[in-house]
Amino acid sequence: MKRKTTRWLNPAGGYLEGFTHTLNPYTGCSFGCSYCYVRRMPVGMFRAEPWGSWVDVKRLDERAFRREWARESDKGPLSLFFGSATDPYQPSEVEHSTTRRLMELMLERPPAFLLLQTRSALIVRDKELLKAFGDAIRASITLETDDEAVRRHFTPAAPPLAARWRALRELQEAGVPVQAAVSPLLPHTPDFAARLAREASRVVVDDFHRGDGSGGRRSAQLGMREQYRSLGLEADYAPAAADRFYETLQSFPGVNVHFSRGGFLP
Ligand code: SF4
């Protein structure tokens, strides 16, 4: 469904304090991750269909966007979290290219910083565009685990991990600032940290307890502990698991590793 949109830039706050705005090119998200806290927000709650089964494509009035962008830019440098409540490179983007067009318009008056969050390899389509932002962009590719069975359990409709590792590599080779977002950390193989240390120039680690914007409450409401229990891994559903993983990553020489909110900030 295509909807009229009057406002694209929303003031950032809470977990995303430190950014001036969030920007979501779509409403809804066809990846429908089981842990996605957006399903507990008004946009997800007040919709009859289940989260993950619908996407609204926002109609892009380019003149109106330019006006809004100029108005906000006049107030001071913009730093955006692009994709706080949707994935900018979900399948709808193949047809509609809203994400791509928004970034082209932004480049007419570039922001101070753009964090582009996705778990889709479609981002590689736009690597030349991303390069045009120089150091003002960070592509953040979600890699919550290295275990494809775990990925299928928690996020069956999300892109396979192999495609994300490939996207990470291709963007790095193209010279785009990029990070692997282990967010939220999911059960993984013993090799995960070493592979990240080898293949990612920058890593941020986050978990259900620090990273869901509510101290873990939303994740609890979404039944994450029960999901871990169903896998026989309830003991791993604790902040200590991410703390240990972060410390392990830090033990590899030369790894640029960050923890939770600070790893997403400009
Ligand atoms: S990709 Fe992001 S926005 Fe989409 S369902 Fe998963 S966590 Fe939510």
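**Exercise 1. Which residues are around the ligand, and how do they divide by class?**

Before you start: this is a predicted model, where local features need pLDDT of at least 70, side-chain atom pairs count only at pLDDT 80 or more, and totals for chains, interfaces and linings use all residues. Residues are numbered from 1 along each chain as its sequence is written, and side-chain values use heavy atoms, with hydrogens and water left out.

Step 1. Sort them: Ala, Val, Leu, Ile, Met, Phe, Trp, Tyr, Cys and Pro are nonpolar, Asp, Glu, Lys and Arg are charged, and the others, Gly among them, are polar. The shell comes out as six nonpolar, two polar and two charged residues.

**Exercise 2. Find the space taken by the ligand and describe its lining**.

Step 1. Rolling a probe the size of a water molecule over the atoms shows where empty space is left. Here a cavity is a set of points, on a 1 Å grid over the protein atoms alone, where a 1.4 Å probe fits but cannot get out; lining residues have an atom within 4 Å of a point.

Step 2. Count and size. There is one cavity of 30 Å³ or more, and the largest cavity holds about 550 Å³, with volume taken as the space filled by probe spheres set on points joined across faces, edges and corners. Among its 31 lining residues, Tyr35, Tyr37, Ser84, Arg119 and Ser183 are the closest to the centre.

Step 3. The largest cavity is the space the ligand takes (more than half of its atoms lie within 2 Å of the grid points).

Step 4. Classify the lining: 16 nonpolar, ten polar and five charged residues.

**Exercise 3. Look at the backbone at Ser183, Ser97 and Ser260**.

Step 1. Ser183 is joined to Pro184 by a cis peptide bond, omega about -5°. Pro184 itself sits in the loop between strand E9 (178–182) and helix H8 (192–199); helices (H or I, at least four residues) and strands (E, at least two) are DSSP runs numbered from the N terminus.

Step 2. Ser97 has a positive phi near 55°, in the loop between H3 (92–96) and H4 (98–106). Ser260 also has a positive phi, about 55°, in the segment after strand E11 (257–259).

Step 3. Buried or partly exposed? Ser97 is partly exposed because its relative accessibility is 23%, while Ser260, at 7%, is buried (buried is under 20% relative accessible area, exposed over 50%, partly exposed in between; 1.4 Å probe, protein chains only).

Notes
On a 1 Å grid over the protein atoms alone, a cavity is a set of points where a 1.4 Å probe fits but cannot get out, and a pocket is an open set with protein on both sides within 12 Å along at least five of seven lines; lining residues have an atom within 4 Å of a point.
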